[in-house]
Amino acid sequence: MAKLVTGFNHNIKHRGKTYHVQTEDSGVNNPHIITHMFVGGNILASKKTSYADIVNAENLADVVRELME
């Protein structure tokens, strides 16, 4: 199996502000992806997505990476 992606971090500029977007995989023992959007160190929004229904997928690492992207 391919190595699972642990996370992505991106900075996005919009209307003079820089937003930091952080996405993390909690792993197959706690199968969900969490994305936080920050501005100035404060969380503006969070989203938690479960992938418990696909943990036995043959290409799990690829599927999780695609969900995170």
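In this predicted model, strand 3 and strand 4 (residues 42-50) are paired in the antiparallel sense through eight bridges. Within this pair, Val39 stands opposite Asn42 in strand 4. The two strands form a hairpin with two residues between them, and Gly40 takes a positive phi near 60° there.

**Overall composition**

The protein has one helix and four strands. Read from the N terminus, the elements follow the order β-β-β-β-α. Along its principal axes, the C-alpha trace spans about 45 × 20 × 15 Å. Of the 69 residues in the protein, 26% are buried. The accessible surface comes to about 5,100 Å², and carbon and sulfur atoms account for 48% of that surface. Among the contacts with a separation of 6 or more, 24% are between residues 24 or more positions apart.

The confidence of the prediction can also be stated. The mean pLDDT of the protein is 91, and 93% of the residues reach 70 or more. Among the elements, strand 4 has the highest mean pLDDT (97), whereas helix 1 has the lowest (92). Where pLDDT is low, the predicted coordinates should not be read in detail.

**The sheet and its hairpins**

The four strands form an open sheet in the order 1-2-3-4, with antiparallel pairing. Why is one side of strand 1 and of strand 4 left without a neighbour in the sheet? Strand 1 (7-14) and strand 4 stand at the edges and each has a single partner strand, so one side of each is left without a neighbour. From one strand to the next, the twist averages 15°.

Strand 1 and strand 2 pair in the antiparallel sense over eight bridges. In this pair, the bridge partner of Asn11 in strand 2 is His20, and Lys13 stands opposite Thr18 in strand 2. Strand 2 (residues 17-25) and strand 3 (residues 32-39) also run antiparallel, joined by six bridges. Here Val21 has Met37 in strand 3 as its bridge partner.

| Hairpin | Residues between the strands | Residue with positive phi |
|---|---|---|
| Strand 1 and strand 2 | two residues | Arg15, about 50° |
| Strand 2 and strand 3 | six residues | Gly27, near 95° |
| Strand 3 and strand 4 | two residues | Gly40, near 60° |

The loop between strand 2 and strand 3 also holds Asn29. Is Asn29 buried or exposed? Asn29 counts as exposed because its relative accessibility is 80%, and the cut-off for exposed is over 50%. Asn29 and Val39 are ten residues apart along the chain, and their C-alpha atoms are separated by 30 Å.

His32 lies in strand 3. With a relative accessible area of 8%, His32 is buried, since buried means under 20%. Which residues are in contact with His32, leaving aside its neighbours within four places in sequence? They are Glu24, Asp25, Ser26, Gly27, Lys48, Thr49, Ser50 and Tyr51. One of these, Gly27, is the residue with a positive phi in the hairpin of strand 2 and strand 3.

Helix 1 lies across strand 1, strand 2 and strand 3, and runs at about 160° to strand 2. The largest nonpolar core has six residues in all: Phe8, Ile33, Tyr51, Leu60, Val64 and Met68. Helix 1 (residues 60-68) gives the most to this core, with three residues.

Val64 belongs to this core. Leaving aside neighbours within four places in sequence, Val64 is in contact with Asp25, Ile33 and Tyr51. Two further links can be read from these contacts: Asp25 and Tyr51 are also among the residues in contact with His32.

**Summary**

The model shows an open sheet of four strands with antiparallel pairing, and helix 1 lies across strand 1, strand 2 and strand 3. The largest nonpolar core includes Phe8, Ile33 and Val64. His32 is buried, whereas Asn29 is exposed.

Terms used. Residues numbered from 1 in each chain as written. Predicted model: local features only at pLDDT ≥ 70, side-chain atom pairs only at ≥ 80, totals over all residues. Heavy atoms only, no water. Pairing = 2+ DSSP bridges. Buried < 20%, exposed > 50% of the residue type's maximum accessible area, 1.4 Å probe, protein only. Contact = heavy atoms within 4.5 Å. Core = buried A, V, L, I, M, F, W, Y, C linked by side-chain atoms within 4.5 Å. pLDDT = per-residue confidence, 0-100. Areas by Shrake-Rupley, 256 points an atom, 1.4 Å probe, with all protein chains shown as cover. Axes fitted to C-alpha atoms, helices over the stretch in contact; angles between N-to-C directions.
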